[in-house]
Amino acid sequence: MLMSSVIGHRGARALVAENTLASIRRVAELGGRWVELDVQLSRDGVPFLFHDDQLAPLTGQTGRVGDYDAQQLEQMQVIHGAQPAQPLASLAQALNLCIELGLGLNLELKSDGVQRGAKTLEVCWPMMRDRPELSLVISSFDPEALVVARRLCPAVPRSCLFEALPKNWRDQVDQVAARAIHLDAEPLQAEQVAQIKQLGLEVYCYTVNSLEQGLKLRKWGVQGIFTDAPQLFLDAPEWRSL
Ligand code: G3P
Ligand code: MG
């Protein structure tokens, strides 16, 4: 299996400010073995963990990650309800922590009209290529980013990310020689999982925050789930005995 059956989505997002070092640490404390983190570039080209296109909802700052230099982003805090705010984390910090904690990393390359996942990977890869102790899976909704991943780091497993499985998913998988597909759990159907697995690919689903839904997906043959609440699964005897 490429990853574990429970993957901390943006860390342990239900418990700690997402995509922060504290959130990564919490996954390890809960007994998790893999985390999924989103990455974007600062204005001066330094990779930081951040999911949203706008900073405001999570940091109170205007604009986007790419509107600020690293030195400014380092001063920002990610809020999470009544929990303590946590500093925005750089990818370099996150890599060191994942290695220290023995966590595998699914790095999601964010792409939109401004951030390009392919460019982000060109910056991130030199930071990761000399860390053989890091278990890594690269994923993106952006096929161009995965094409670049195939060229730049062919030995690192790649996963196509989709909301709903598109008609041409086989072509997209072939184009980047993906080893897995990561799918939104909601629109997914059991037959689709079977079709994907017939081609020898693994299937992981996001974002699964109920044990019942997770157990159903595992019954369908899904290898693992991205969850905001890893403890719901890691502590459940029904899950552990699968
Ligand atoms: O990588 C799985 C999942 O994180 C994809 O959706 O929007 O939470 O990054 P999103
Ligand atoms: Mg993500």
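Analyst: I181 stands opposite V203 in strand β10, and in β9 this I181 is also the bridge partner of C160. The model is a predicted one, in which local features need pLDDT of at least 70 and side-chain atom pairs count only at pLDDT 80 or more, while totals for chains, interfaces and linings use all residues. Residues are numbered from 1 along each chain as its sequence is written, and chains are lettered from A and ligands numbered from 1 in the order in which they are written.

Five bridges join β9 to β10 (residues 202-206), and the two run parallel; on the other pairing, strand β8 (residues 158-162) is joined to β9 by four bridges, again in parallel. Strands here are DSSP runs of E with at least two residues, helices runs of H or I with at least four, numbered from the N terminus, and strands pair if DSSP finds at least two bridges between them.

Four of the five residues of β9 (residues 180-184) are buried, so the strand is largely enclosed by the rest of the structure; buried requires 20 or more other C-beta atoms, placed from the backbone, within 10 Å of a residue's own. Finally, the residues surrounding ligand 1 include L161, H182 and Y206, each with its backbone-placed C-beta atom within 6 Å of the ligand.

Conventions. Buried ≥ 20, exposed ≤ 12 C-beta atoms within 10 Å, placed from the backbone.
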